[in-house]
Amino acid sequence: LFRLTARRLFSTSHSSVDPAEMKKFQLLAQKWWDEEGEYSALHSMNDIRVPFIRDTLLNMSSNYHLGNPLSGVKILDVGCGGGLLSEPLGRLGASVTGIDPLEDNIRTADQHKSFDPVLAKRIQYKSSSLEEIVEESMETFDVIVASEVVEHVADLEMFIKCCSQVLKPGGSLFITTINKTQLSYILGIVVAEKLMGIVPDGTHEWEKFVPPEKLEHLLKSYGFSVKTVNGMLYNPLSGSWSWMESTSINYALHAVKSGARGQSSPTGVLPEMESEQPSGTAGTSM
């Protein structure tokens, strides 16, 4: 049960990116698609985070597209790295924009998607921080995913504010991250980084870990309603993730940006509808 890896990050001062975080992930930019390498835990996380996003959106929608269930949905993948989450979302039919401040990550992502003509049309990548695209992307996206990102941002409040600005009313925000507990320090840093090497030493700073209560408070202050918080458990022996009730280590969160009552976004995602738990998941609905 540990922590996986993560990426990049954003800084508030003049939309600048945290140089220390950049340097950290620069060294790994060519290794995103090595399923047995430093990002193996992120690859296996797709087994639960992709269905979580897909099923939550489908439970809120009246539009179904067989074969392409997320057809017509505009998704922003913030801190997309090498495209590990952008690609499966694109295969579900979504139109995905992946942003990452590290140019080497974007080059890796662009190169990998080029092998699939369908993905090449559905996904576009951009070397940018979230703050840098706000002006051109106000209320542009139906969905934002920020998976393993918020524990690397320099200013979490600025990050959430920017998410609110680029998301359409009634749009969904999905976050996966790591809680700030004694257990997450022991497992996520001491064991995962220093003892077992599941992720490179120095990947995480415990001070930047985000308790779900803090995240929920910030989201509410910027017009979001938190619908679901699910605990996540990583088994380093099997290399697999599963849902759990406790959020004491990793967790996934779904929140909806407030919109006019009864209003639905162009994709049919209803802002007033409570999202249901994805089938087979355990967690606490908030």
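User: Let's start with Val210. Where does it lie, in which loop?

Analyst: Val210 is in the loop that runs between helix H8 (182-195) and helix H9 (212-221). Helices (H or I, at least four residues) and strands (E, at least two) are DSSP runs numbered from the N terminus. One caution before we go on: this is a predicted model, where local features need pLDDT of at least 70 and side-chain atom pairs count only at pLDDT 80 or more, while totals for chains, interfaces and linings use all residues. Residues are numbered from 1 along each chain as its sequence is written, and side-chain values use heavy atoms, with hydrogens and water left out.

User: Noted. Is Val210 buried or exposed?

Analyst: Val210 counts as buried, because its relative accessibility is 2%. The classes are buried for under 20% relative accessible area, exposed for over 50% and partly exposed in between, with a 1.4 Å probe and protein chains only.

User: What is Val210 in contact with, leaving aside its neighbours within four places in sequence?

Analyst: With those set aside, Val210 is in contact with Val150, Leu156, Thr177, Ile178, Asn179, Lys180, Leu215 and Tyr251. Contact here means heavy atoms within 4.5 Å. As for Asn250, it is 40 residues from Val210 in sequence, and their C-alpha atoms are 10.0 Å apart.

User: Thr177 is in that list. Which side chain does it have a polar contact with?

Analyst: That would be Glu151: a 2.8 Å polar contact joins the side chains of Glu151 and Thr177. A polar contact is a pair of N or O atoms within 3.5 Å; within protein, one must be able to donate a hydrogen and the other to accept it, and residues adjacent in sequence count only if both atoms are side-chain atoms.

User: Where is Glu151, and why does it count as buried?

Analyst: Glu151 belongs to the loop between S4 and H7. It counts as buried because its relative accessibility is 1%.

User: What about Glu148, what's its phi?

Analyst: Phi of Glu148 is near 60°, so a positive value in a residue other than glycine. Glu148 sits in the loop between S4 and H7, and it is buried, with a relative accessible area of 0%.

User: And Glu139, what's the story with its phi?

Analyst: Glu139 isn't a glycine, but its phi is positive, at about 50°. You'll find Glu139 in the loop between helix H6 (130-133) and S4. Glu139 counts as partly exposed, with 43% relative accessibility.

User: Moving on to H7. Which residues in it are buried?

Analyst: In H7, residues 156-166, the buried ones are Leu156, Phe159, Ile160, Cys162, Cys163, Ser164 and Val166. At the start of H7, a side-chain oxygen of Asp155 comes within 3.1 Å of the backbone nitrogen of Glu157.

User: Change of topic: how many cavities of 30 Å³ or more are there?

Analyst: One cavity of 30 Å³ or more. On a 1 Å grid over the protein atoms alone, a cavity is a set of points where a 1.4 Å probe fits but cannot get out, and a pocket is an open set with protein on both sides within 12 Å along at least five of seven lines; lining residues have an atom within 4 Å of a point. Grid points are joined across faces, edges and corners, and a volume is the space filled by probe spheres set on the points. The largest cavity holds about 40 Å³.

User: What lines the largest cavity?

Analyst: Its lining is Arg49, Phe52, Ile53, Leu85, Val145, Ala146, Ser147, Phe174, Ile175 and Thr176. Helix H2 (40-59), strand S4 (141-147) and strand S5 (167-178) each give two or more residues to that lining.

User: And the largest pocket, how much space lies in it?

Analyst: About 160 Å³ lies in the largest pocket. It has 16 lining residues, and Lys74, Thr97, Gln124, Lys126 and Phe141 are the closest to its centre. S2 gives the most to the lining, with four residues.
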